[in-house]
Amino acid sequence: FYFKDSLKKMVVQQIITSAMVTPLIYLIKWGGDYFFIYAWGFIFAFSMFIFFVYMDFIAPLFDKYTPVPSSPLRTAIEDLAKSINFPLTKLFVVDGSKRSAHSNAFFYGFYKNKRIVLFDTLLDDSCNPMLGMDEDGNKREFPSETKEESEQKHKGCTQEEVVAVLGHELGHWHHGHVYKPMLLNQAVILGMFYSFGILVKNTQMLADFGFVEEQPTLIALLIIFQFIFSPFNRVMSAVSVFITRCFEFQADRFAVGLGMGEKLQSSLIKLVTDNLSFPLADKLYSTFNYSHPPILERLAAIREEMGKKKQE
């Protein structure tokens, strides 16, 4: 499984990289003084294309996405989506357990074509509608349980906790947390291509790296983006982490506003336990390196928000 997965990943990466880099180099050479506008436009269009096709054509190469059958869990999720006008069109369970014990849930899609994906590791036996079914959706018989399989049943979240997790995830949709970073990233990319246009004219810089007579565009891209922009990338990484942390707290507050504060807390505790995450972290270090705040900070913020709601 590991070697097959690694081979598929390598092939997909090579195809995507070639499809992106080859036209990019051509645009840089052809675009003249305003090449940075064409290069940025191409990268934006290419990114949107990958965003559209990834879940339908690329992700299924690595994991199996199964539509969630009619069940109390599906009904509860659909009721949540309707209550906040989330345009849910499809609901899937992905077999993430074959890769790791990590639990997660996410949504994707543009405009009124939104889909939700649940990791099978997120669901405990009390609410998992996929239990007792084979890959074709037929019922199957299970052999007697081993001790390890019996312990595995206690992992995952209950139905109410799963819905609370999705309440948090849909908070990201409600507050536009997908599009805001996207706009910031596009502005940064445009600025970096503009700066690249200025720096690439400095022949001495490339000569210092050993490219005196010939200075290939691809080498210039690698040197400037990997080395020259390295300090800027570190600063932007810290800014991105800070913004993402703020979004996580905001999404938690949204879930609390839906009346899911208690279940959100219990689900977060279970996720930390099941994912074997360490609950403690230095506050300063985590501020600049953890895109998701440590569990203790999130629990404290949730309880504070719940206290405010009770006083209102």
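Start by selecting helix α5, residues 159-174, where E161, V162, V163, A164, V165, L166, G167, H168, E169, L170, G171 and H172 are buried. Here buried means under 20% relative accessible area, exposed means over 50%, and partly exposed is in between (1.4 Å probe, protein chains only). Helices (H or I, at least four residues) and strands (E, at least two) are DSSP runs, numbered from the N terminus. Twelve of the 16 residues of α5 are buried, so this helix is largely enclosed by the rest of the structure.

Now show what surrounds it. The cover over the buried residues of α5 includes α3, β3 (105-108), β4, α9 (230-257), α10 (261-274) and α12 (295-311). To check the length of α5, take its end C-alpha atoms, which are 22 Å apart; that agrees with the 22 Å that 16 residues should span at 1.5 Å a residue. The expected span is 1.5 Å times one less than the number of residues in the helix. After α5 comes G176, with a positive phi near 70°.

**A word on the model**

You are looking at a predicted model, in which local features need pLDDT of at least 70 and side-chain atom pairs count only at pLDDT 80 or more, while totals for chains, interfaces and linings use all residues. Residues are numbered from 1 along each chain as its sequence is written, and side-chain values use heavy atoms, with hydrogens and water left out.

The protein averages 87, and 91% of the residues score at least 70. Where is confidence highest, and where is it lowest? Helix α5 has the highest mean, at 95, and helix α4 (residues 147-152) the lowest, at 49. Select residues 139-145 as well: pLDDT stays under 50 there, and the model has nine contacts for this stretch beyond four places in sequence. A contact means heavy atoms within 4.5 Å.

**Zoom out**

The C-alpha trace spans about 70 × 50 × 40 Å along its principal axes. Buried residues make up 38% of the 312 residues. Among contacts between residues at least 6 apart in sequence, 75% join residues at least 24 apart.

**Next stop: helix α3**

Select residues 72-83, the twelve residues of α3. From first C-alpha to last, α3 reaches 16 Å, close to the 16 Å expected at 1.5 Å a residue. Which of its residues are buried? They are L73, R74, A76, I77, L80 and A81. Look down the axis of α3 and these buried residues fall within an arc of 165°, so they line one face of the helix. The arc is that of the directions from the helix axis to the C-beta atoms. An α-helix has 3.6 residues a turn, so residues three or four places apart point the same way.

The buried residues of α3 pack against β2 (88-94), β4 (114-119) and α5. Turn to the face away from the buried side to find the exposed residues P72, K82 and S83.

Move on to N85, in the loop between α3 and β2. N85 counts as exposed, at 65% relative accessibility. Its phi is near 60°, a positive value in a residue other than glycine. Most residues other than glycine have a negative phi.

**Aromatic rings**

Show the side chains of Phe, Tyr and Trp. Rings (the six-membered one for Trp) pair if their centres lie within 6.5 Å; planes under 30 degrees apart count as stacked, over 60 as edge-to-face and the rest as tilted. The structure holds 19 aromatic pairs. One of them, F209 and F227, is tilted, at 5.9 Å centre to centre and 40° between the planes. F209 lies in the loop between α7 (203-208) and α8 (217-228) and F227 in helix α8, so the pair ties together parts that are 18 residues apart in sequence. F209 counts as partly exposed, at 40% relative accessibility.

Then select F35, F36, F193, Y194, F196, F225 and F229, which form one aromatic cluster.

**Last selections**

Q265 lies in helix α10 and is buried, with a relative accessible area of 7%. Leaving aside neighbours within four places in sequence, Q265 is in contact with L299, I302, R303 and M306.

Finally, pick F51 in helix α2 (residues 35-58), a partly exposed residue at 33% relative accessibility. F51 and Y108 are 57 residues apart in sequence and 9.1 Å apart in space, C-alpha to C-alpha.

How values were computed
pLDDT = per-residue confidence, 0-100.
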